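Open your viewer and get ready to click along. This tour tells you what to select at each stop and what you will find there.

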Amino acid sequence: MSRLVGIGLLAGFFGALFGVGGGIVIVPLLVLGLSFEQRRASATSLAAILLASAAGAVTYALHGEVKPGAAAFVGIPAVAGVLVGAALQQRIPVQRLTIGFAVLLTAVGARLLV
Amino acid sequence: MTLALVAIVGLAAGLLAGLFGVGGGILFVPTLVLGLGLTQLHAEASSLLAILPTAFVGTWRQRRYGNVDLRAAAVVGIASILGVEGGVVVAEALPESVLRRLFGVLLIGTAVQIVWRSRRGS
């Protein structure tokens with residue numbers, strides 16, 4: 001129980017600091033710290049992220065930092081993307097995409113570092 | 001970047017997020033900064049809002065498969081609220097350039113984590 005609370009505190013802090021869901025923190029900690037099976041960890045993390053991101057969005061909104069129009073512009077197409085991705089999952093060469101995705105993240109990361 | 005292109009990148013972000021199990025946020029933030037010219041802080045704040053529909057759909061689906069540990073998720077989620085307050089304070093205190101660079105490091109770290117995970121075959 002206390003480990004779950006610790007994970008929540010960490011994930012909330014991390015998620016709000018970076019504007020992400022916090023799954024990067026939650027999933028490994030559930031797997032390594034609480035022996036969750038990978039799929040259960042990912043699924044549970046998603047549910048936790050729903051709460052954590054909502055808390056983050058509300059807090060930032062109260063501080064006047066949220067741009068709802070911009071959020072809708074990426075957020076709504078993304079829902080379509082998730083549904084398409086789920087439908088295509090069997091047909092997409094995920095293994096091959098992994099390197100490409102990693103390269104993309106690295107390139108964007110490097111761009112932000114400059 | 002045209003608005004249409006931003007929407008397409010949003011779609012791609014959802015696709016990749018669904019496939020690789022990373023939240024959309026990791027892609028939303030740079031899209032908002034580089035594509036729509038938001039400040040790093042505004043992009044991060046808006047990203048948290050943008051994540052909600054995707055997280056909802058994902059959670060809904062996983063619930064139906066029976067994969068979600070509701071109690072654990074509730075504890076983590078509620079505990080996160082306190083963490084969120086701390087995160088917001090720090091993010092607002094940091095200079096834009098520092099926050100942006102930290103995010104760049106996060107992206108590279110995520111890339112490494114993804115490759116490492118795929119090597120392990122999970």
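**Stop 1: two helices in chain B**

Select helix α2 (residues 25–36) and helix α5 (residues 96–119) of chain B: their axes come within 11 Å and cross at roughly 140°. The angle makes α2(B) oblique to α5(B), because angles under 35 degrees count as roughly parallel, over 145 as roughly antiparallel, 65 to 115 as roughly perpendicular and the rest as oblique. Axes here are lines fitted to C-alpha atoms, for helices over the stretch in contact, and angles run from 0 to 180 degrees between N-to-C directions. Helices (H or I, at least four residues) and strands (E, at least two) are DSSP runs, numbered from the N terminus.

Before moving on, note that this is a predicted model, in which local features need pLDDT of at least 70, side-chain atom pairs count only at pLDDT 80 or more, and totals for chains, interfaces and linings use all residues. Residues are numbered from 1 along each chain as its sequence is written, chains are lettered from A and ligands numbered from 1 in the order in which they are written, and side-chain values use heavy atoms, with hydrogens and water left out.

Now show side chains. From α2(B), Gly25(B), Ile26(B), Val29(B), Pro30(B) and Val33(B) meet Arg100(B), Phe103(B), Leu106(B), Leu107(B) and Thr110(B) of α5(B); contact means heavy atoms within 4.5 Å. The residues in this contact of α2(B) with α5(B) divide into seven nonpolar, two polar and one charged. Ala, Val, Leu, Ile, Met, Phe, Trp, Tyr, Cys and Pro count as nonpolar, Asp, Glu, Lys and Arg as charged, and the others, Gly among them, as polar.

**Stop 2: a salt bridge**

The term means a side-chain nitrogen of Lys or Arg within 4 Å of a carboxyl oxygen of Asp or Glu. Both residues, Arg100(B) and Glu96(B), lie in helix α5 of chain B, four residues apart, about one turn of the helix. How many salt bridges does the structure hold over all chains? The count is one.

**Stop 3: chain B as a whole**

Zoom out to chain B, which has five helices and zero strands. Its C-alpha atoms fill a box of roughly 40 × 35 × 30 Å, taken along the principal axes.

**Stop 4: a helix pair in chain A**

Next, select helix α1 (residues 2–18) and helix α2 (residues 23–34) of chain A, whose axes come within 10 Å and cross at roughly 160°. That angle makes α1(A) roughly antiparallel to α2(A). Among the residues making the contact are Leu4(A), Ile7(A) and Phe14(A) of α1(A), and Ile26(A), Leu29(A) and Leu30(A) of α2(A). The contact of α1(A) with α2(A) divides into ten nonpolar residues, one polar and one charged.

**Stop 5: where the chains meet**

Finally, show both chains: 87 residues of chain B are in contact with 78 residues of chain A. Together, chain B and chain A bury about 7200 Å², 78% of it on carbon and sulfur atoms. Buried area is the accessible area (1.4 Å probe) that two parts lose on being put together, summed over both. Between chain B and chain A there are zero salt bridges.

Pick out helix α3 (residues 38–62) of chain A and helix α3 (residues 40–65) of chain B, which pack at an angle of about 145° with their axes 8 Å apart. The residues of the contact of α3(A) with α3(B) divide into 16 nonpolar, five polar and one charged.
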